[in-house]
Amino acid sequence: MNTSETLADLVAAEDVLLFVNAAITATGQREFRSDAVGQQLSLDFLHAYVRVNYRRVYASSLALDINDHNAARIALGLLETAGEASAEERRTEGRLIAARLALLPPQRVYRLFGEVRRAGINNRRTRAIMRDWLAARPDLGHDAVKYRGGVKTAARHIHLRCPEGAGPLAEVGAFLFRPGRLPRYEHRLLDAWRRAHYEQGAVAELPFTVAEGFAARHGMKREVFLKRAAPRMTRLERLRTHSVTQRPEIDLTAMPLTRLALYVLSLPFEQRAARRTELTGALRTAARRAAGGHAGSWGRVHAVLDDSFSSSGSGQKRRRPLAVALAGHHLLEALAAPGAYRGLWTSGRGDALLVRPWGPTPLGMRVLDALEPGPGGAAPDRLVIVSDGWDNAPAGLAGEVLRVWRKRLDPGRRTAVVHVNPVYDADGFDVRRLAAGVPTAGIRDAEDLPALVEIARFAEGRTGAAELHAYLDRRVALFLGEKETVS
């Protein structure tokens with residue numbers, strides 16, 4: 001009896017970790033070794049399986065560092081199957097959904113609202129969540145211009161009252177449902193949109209994505225338009241148009257670490273070398289910011305970083321795995337004690353700034369090198385492996401090295417080993433693992449690495465469902481508590 005219960009707990013813990021890894025890494029897009037259809041089918045199964053069998057965990061995942069794609073899918077799944085939950089579960093789920101929506105990009109939330117309407121989910125709780133989110137938007141007029149279809153769909157679904165007459169909500173209602181009725185708008189962006197139909201000067205006042213369409217309609221030169229629109233561009237819009245404008249008006253030090261790594265990898269080698277001081281300084285600044293209070297606390301850290309050809313990713317996730325490795329390299333340097341970090345690339349390169357996807361994946365050889373004692377003859381306190389797990393030169397060597405190391409050379413676990421994997425394996429419904437005894441966690445952004453190391457310890461098989469549920473409950477309480485403090 002006890003044995004069966006223990007086995008059931010372990011299976012439950014493994015199922016939960018399987019889903020968390022998928023929710024962190026998978027986006028339903030093509031990966032290097034699997035197409036988009038396979039990714040989507042695999043995710044569909046996992047979401048349905050976990051929602052039906054572990055609904056509490058499914059909802060609690062909203063409090064973890066999962067990606068936006070899966071956060072929106074979880075919210076939709078919970079709203080669509082509200083009848084399967086108890087009243088207490090619905091209350092908790094509603095708070096989690098509202099808290100998570102406040103963190104999602106607005107375009108993602110409006111897309112979710114469109115799916116809610118198409119699915120015919122129109123209960124009171126859903127309408128309240130949508131209404132509260134819209135009411136919390138800092139400028140609904142701005143949203144009406146930039147996300148017009150999304151705002152219109154949401155307003156119709158919740159029967160948003162947009163009275164005629166004066167006032168911001170009245171103007172938004174007229175803009176969405178009675179266009180051309182008002183001769184002018186008091187709201188600056190709404191009126192700029194009206195004037196942009198016939199006045200070229202008003203185009204630059206609009207959000208960039210809206211202004212692009214009007215600029216094309218007026219036949220404006222791309223360079224002239226970008227120069228005028230620059231003050232109102234977001235950071236990502238500046239990055240996307242950087243190659244066109246050739247104006248490096250980007251504050252690299254303010255960029256998130258993984259996004260900065262993607263930008264660095266998009267530059268030709270000549271530019272990376274010429275801007276070495278600037279780019280390396282920005283990466284280290286972003287890494288220190290991401291490390292926060294953990295900076296310098298990890299002791300001696302050795303890392304194996306995958307820059308094999310498969311780290312090139314896919315057309316939809318170009319160079320994403322390599323960017324996670326590059327960002328992780330700098331973050332681990334910040335987390336390690338001063339001068340106690342050693343990073344080893346699978347290609348053997350020693351210059352992190354000039355890495356590129358190339359060659360096979362000799363993880364086993366690099367793991368052997370990483371386990372070598374550092375200065376003073378001391379083994380590393382932590383070994384972190386950032387790779388998609390396709391150890392192929394020779395195949396399986398990394399897992400065997402780690403098995404022998406743990407069993408024969410380090411049974412006391414003086415060196416903590418963790419594998420973080422940025423690529424979801426659709427066929428295995430999980431991220432690919434190196435060895436059974438090596439904790440593995442999915443990763444999307446290198447900034448989440450400290451939190452993922454904590455999750456990965458549950459994958460070692462020495463803790464069961466009770467400890468995992470306690471961890472999830474703490475994350476949920478912290479997540480909801482922070483949101484209540486902010487509001």
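Arg-240 sits in helix α14, which covers residues 235-240. The model is predicted. Arg-240 is exposed, with a relative accessible area of 64%. On the surface, Arg-240 gathers with Arg-235, Arg-259 and Arg-289 in a patch of positive charge.

Helix α22 spans residues 449-456. Six of its eight residues are buried, so the rest of the structure largely encloses it. The buried residues in α22 are Leu-449, Pro-450, Leu-452, Val-453, Ile-455 and Ala-456.

Is Gly-141 buried or exposed? Gly-141 is buried, at a relative accessible area of 3%. The cut-off for buried is under 20%, so 3% qualifies. Gly-141 belongs to helix α8, residues 140-146. Beyond residues up to four places away in sequence, Gly-141 touches Val-172, His-187 and Leu-190. Gly-377 is elsewhere: 236 residues separate it from Gly-141 along the chain, and the two C-alpha atoms are 64 Å apart.

**Ser-347 in a loop**

Ser-347 lies in the loop that runs between β2 (341-345) and α20 (363-370). Its relative accessibility is 22%, and Ser-347 counts as partly exposed. Which residues does Ser-347 contact, leaving aside its neighbours within four places in sequence? They are Asp-307, Trp-358 and Arg-366. Asp-132 is 215 residues from Ser-347 along the chain, with 51 Å between their C-alpha atoms.

**Backbone features in loops**

Arg-319 is not a glycine, yet its phi is positive, about 60°. Arg-319 is placed in the loop between β1 (301-305) and α19 (320-335). Phe-429 is not a glycine either, and has a positive phi of about 55°. Its place is the loop between β5 (424-425) and β6 (430-431).

A cis peptide bond joins Ala-393 and Pro-394, with omega about -5°. Pro-394 is found in the loop between β3 (382-386) and α21 (397-409).

**Exposure at a glance**

The table gathers the exposure of single residues.

| Residue | Relative accessible area | Class |
|---|---|---|
| Arg-240 | 64% | exposed |
| Phe-429 | 29% | partly exposed |
| Arg-319 | 26% | partly exposed |
| Ser-347 | 22% | partly exposed |
| Gly-141 | 3% | buried |

Definitions and conventions:
Residues are numbered from 1 along each chain as its sequence is written. This is a predicted model: local features need pLDDT of at least 70, side-chain atom pairs count only at pLDDT 80 or more; totals for chains, interfaces and linings use all residues. Side-chain values use heavy atoms; hydrogens and water are left out. Patches are made of residues with over 30% relative accessible area and no salt bridge: like charges are joined within 9 Å, nonpolar side chains (Val, Leu, Ile, Met, Phe, Trp, Tyr) within 5 Å. Accessible areas come from the Shrake-Rupley method with a 1.4 Å probe; for residues, only the protein chains shown count as cover. A salt bridge is a side-chain nitrogen of Lys or Arg within 4 Å of a carboxyl oxygen of Asp or Glu. Lys and Arg count as positive and Asp and Glu as negative; His and the chain ends are not counted. The place of a charge is taken as NZ of Lys, CZ of Arg, CG of Asp or CD of Glu. Helices (H or I, at least four residues) and strands (E, at least two) are DSSP runs, numbered from the N terminus. Buried means under 20% relative accessible area, exposed over 50%, partly exposed in between (1.4 Å probe, protein chains only). Contact means heavy atoms within 4.5 Å.
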